[in-house]
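Biologist: Could you walk me through this one? I'd like to go through it by question and answer.

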Amino acid sequence: LSLLCLSLLLRELDIDHPSLGVSYVIIFFVQGGGRNALLPALWALVLLFAARNFRRNKALMISYAKTTSGLLLIAAGGVTALGWIFDHLTPIGALSMFCEEFIEMNGYALLLLAALHARRDIPQLPEPPATADAGLR
């Protein structure tokens with residue numbers, strides 16, 4: 001959830017305006033090639049660790065998707081994807097830009113609500129059945 005929030009934050013952050021006086025090093029890691037290399041590498045690491053114990057993590061994801069936090073996260077993804085449609089598939093204009101930003105803002109608000117509910121929901125998830133590779137942890 002934290003990496004998802006970081007990814008969305010870096011996607012929306014725009015700090016390369018000269019009047020902000022931000023160092024080029026920071027701009028590189030927030031908007032440039034550094035971001036384009038860092039985020040896929042971090043997501044690949046997350047997926048690699050998730051694949052190590054796939055059955056257990058799949059059961060946890062299914063259980064999590066049934067919680068309030070999981071449902072809010074799924075809704076946030078859907079609303080944010082709708083914002084992407086307005087960003088990439090509609091003609092550029094003031095109304096289109098407004099709709100895109102408004103929809104994405106609502107998606108991020110749902111993501112925030114999911115994060116706030118996660119603290120309550122995650123401890124209540126049932127322990128998935130043990131797998132053969134459970135001794136590797």
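Modeller: Here come some questions and answers on this chain, which is a predicted model.

Biologist: Let's start with the overall build. How many helices and how many strands does the chain have?

Modeller: Going from the N terminus on, the elements read α-α-α-α-α-α. So by the DSSP runs, the count comes to 6 helices and 0 strands.

Biologist: What share of the residues in the chain is buried?

Modeller: A residue counts as buried when its relative accessible area is under 20%. The chain has 137 residues, and the buried share of them is 24%.

Biologist: And the contacts between residues at least 6 apart in sequence: what percentage of them join residues at least 24 apart?

Modeller: Contact here means heavy atoms within 4.5 Å. Of the contacts between residues at least 6 apart, the share that joins residues at least 24 apart is 70%.

Biologist: Now helix 1. Do its buried residues sit on the same side of the helix or on opposite sides, and which helices do they pack against?

Modeller: Helix 1 covers residues 2-12, and its buried residues are Leu-3, Ser-7, Leu-8 and Leu-10. They span an arc of only 165 degrees around the axis, so they are on the same side of helix 1. As a rule, an α-helix has 3.6 residues a turn, so residues three or four places apart point the same way. The partners that the buried residues pack against are helix 2 (24-30), helix 3 (33-52), helix 5 (68-88) and helix 6 (94-121).

Biologist: What is the C-alpha to C-alpha separation of Pro-40 and Ser-7?

Modeller: Pro-40 also belongs to helix 3, and with a relative accessible area of 47% it is partly exposed. In sequence, Pro-40 and Ser-7 are 33 residues apart; in space, C-alpha to C-alpha, the value is 9.6 Å.

Biologist: Over to helix 6. Is Glu-104 buried or exposed, and what does it touch?

Modeller: Glu-104 has its place in helix 6. Its relative accessible area is 1%, so Glu-104 is buried. Not counting residues up to four places away in sequence, Glu-104 touches Arg-11, Glu-12, Gly-83 and Trp-84.

Biologist: What about helix 5: how far is Gly-77 from Leu-111 in space?

Modeller: Gly-77 lies in helix 5 and is partly exposed, at 41% relative accessibility. Gly-77 and Leu-111 are 34 residues apart in sequence, and their C-alpha to C-alpha distance is 8.0 Å.

Biologist: Last topic, the largest pocket. Which residues lie nearest its centre?

Modeller: The largest pocket holds about 600 Å³ of space. The elements giving two or more residues to its lining are helix 1, helix 3 and helix 4 (54-65). There are 17 lining residues, and those nearest the centre are Leu-1, Val-46, Met-61, Tyr-64 and Leu-73.

Biologist: And by class, how many residues in that lining are nonpolar, polar and charged?

Modeller: Tyr and Met count as nonpolar here, whereas Gly counts as polar. On that basis the lining of the largest pocket has 16 nonpolar, 1 polar and no charged residues.

Key:
Residues numbered from 1 in each chain as written. Predicted model: local features only at pLDDT ≥ 70, side-chain atom pairs only at ≥ 80, totals over all residues. Heavy atoms only, no water. Buried < 20%, exposed > 50% of the residue type's maximum accessible area, 1.4 Å probe, protein only. Helix = DSSP H or I, 4+ residues; strand = E, 2+ residues; numbered from the N terminus. Arc of directions from axis to C-beta. 1 Å grid on protein atoms, 1.4 Å probe; cavity = no way out; pocket = protein on both sides within 12 Å on 5 of 7 lines; lining within 4 Å. Points joined across faces, edges and corners; volume = space filled by probe spheres on them.
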